[in-house]
Amino acid sequence: MVENATSVPTMTVAGGVAHPPSAGRRILTDGALWSGLGGAIAGGFGVEAAKTLVTDESGGRWWFVLGLGTGVALALIGAWLRYRAEAKASIGVVVTAVEPGRGVAHAEQFDRTAVEHSRADRKMTVRTTLALPAAPPWPVTGVDALAEETVAATTMVEAMTGSVPRIDLFPTMPLAVGFRYGAKLGQSLPREVVLYSPHRTSASATHFPAVTLREERSSGTLLVAESIEVIESGDPSRTALAVDVQAQGGDFVEPVRAACREYGMGNLLLLRRSAPGQLTEDSATFTAIVEQACRAWRDAPLSATARTGRRAVFLNGPVVIAVALGARLANVQPDRWTAYTFNRETSGYDPFPA
């Protein structure tokens, strides 16, 4: 899948529904049959009922009225079936950006299983891929182009299949890339976008709907917000947000503090998960983390200088959370944000964009 690094993403059509329902089932469930049948019955009996009123003949009138009501009911059932089918319709977009030197086998596996999961019941599935260099710095133009290619893919599929109310997105990429990708995507896709995350513990399904790009109401309190930490000798106009989703504690916080000192951050807002262990793999948990992180950043007691200055973000955990946070926090001014990725070779953080 990934051979040579490039800043130009590629798009391929993976296909439509892998196992579409039979013709007989489609006839019974898409609503067109019932709408047509109901319209014909209602029309015929309605004419006869009207004749009895005009001629003032009451004989058999109530049978005609009953037939008219039956036809209207069938037409309403057909309309409801069609509305339900349209509301459930979605397209799948599998987005992959991976370093050729690390994690290729896992990325290819995630890519394959995401395509299979998407094709199970979506009208159409497309794949967009970007080959990253073996190590940072990564091409920010390539990541921005990947977001643009995603928008182009959804536009193309919508033109091919008709109106699609929802986009199901399956991202595989480094966290820093995911944050930037989400920021650029949040500018361009106002419709409903559902981010799917791979299951780590379930054998019944490969992916689950984790979180949406748009704001959702959630009262979950899975994160604890520390007081704003002022970094000595740092620039007060530069503020870092660090979200320890994996509850790594000092293993996460100490390298983040070192990076803040190295890159001149003046303020640090740390959010840590209150309970250790694996994340519960459901929408409520992932949504609660994203919503609480956004609220904490919005309500943080930062000075006016910090509010209008440069921002940085340090993340761990699932990539869908990084994409969602980028779309919520950085979609208005993505170039004010720098996302930092952990470098295992140096045990430090590298900025993206560099």
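Predicted model: local features only at pLDDT ≥ 70, side-chain atom pairs only at ≥ 80, totals over all residues.

Author: Helix 6 gives the largest share of the lining of the largest cavity, 4 residues. Helices here are DSSP runs of H or I with at least four residues, strands are E runs of at least two, and both are numbered from the N terminus. Numbering starts from 1 along each chain as its sequence is written, and side-chain values use heavy atoms, with hydrogens and water left out.

A search of the whole structure turns up 1 cavity of 30 Å³ or more. The volume of the largest cavity is about 40 Å³, counted as the space filled by probe spheres on grid points joined across faces, edges and corners. Look for Ala176, Phe179, Arg180 and Ala183, then Ala330, Pro334, Trp337, Ala339, Phe352 and Pro353: together they line the largest cavity. Helix 6 (175–186) and strand 12 each put in at least two lining residues. By class, that lining is 9 nonpolar, no polar and 1 charged (nonpolar: Ala, Val, Leu, Ile, Met, Phe, Trp, Tyr, Cys and Pro; charged: Asp, Glu, Lys and Arg; polar: the others, Gly among them).

Strand 12 (337–343) turns up again in the largest pocket, where it supplies at least two lining residues. A pocket is an open set of points with protein on both sides within 12 Å along at least five of seven lines. The largest pocket holds about 1,200 Å³ of space. Of its 43 lining residues, Leu175, Arg200, Gln246, Gly317 and Arg344 are the closest to its centre. Helix 4 gives the largest share of this lining, 4 residues. Sorted by class, the lining of the largest pocket has 24 nonpolar, 12 polar and 7 charged residues.

Of its 354 residues, 46% are buried (under 20% relative accessible area with a 1.4 Å probe, protein chains only). Thr287 in helix 8 is one you can check, buried at 6%.

Technical notes: 1 Å grid on protein atoms, 1.4 Å probe; cavity = no way out; pocket = protein on both sides within 12 Å on 5 of 7 lines; lining within 4 Å. Buried < 20%, exposed > 50% of the residue type's maximum accessible area, 1.4 Å probe, protein only.
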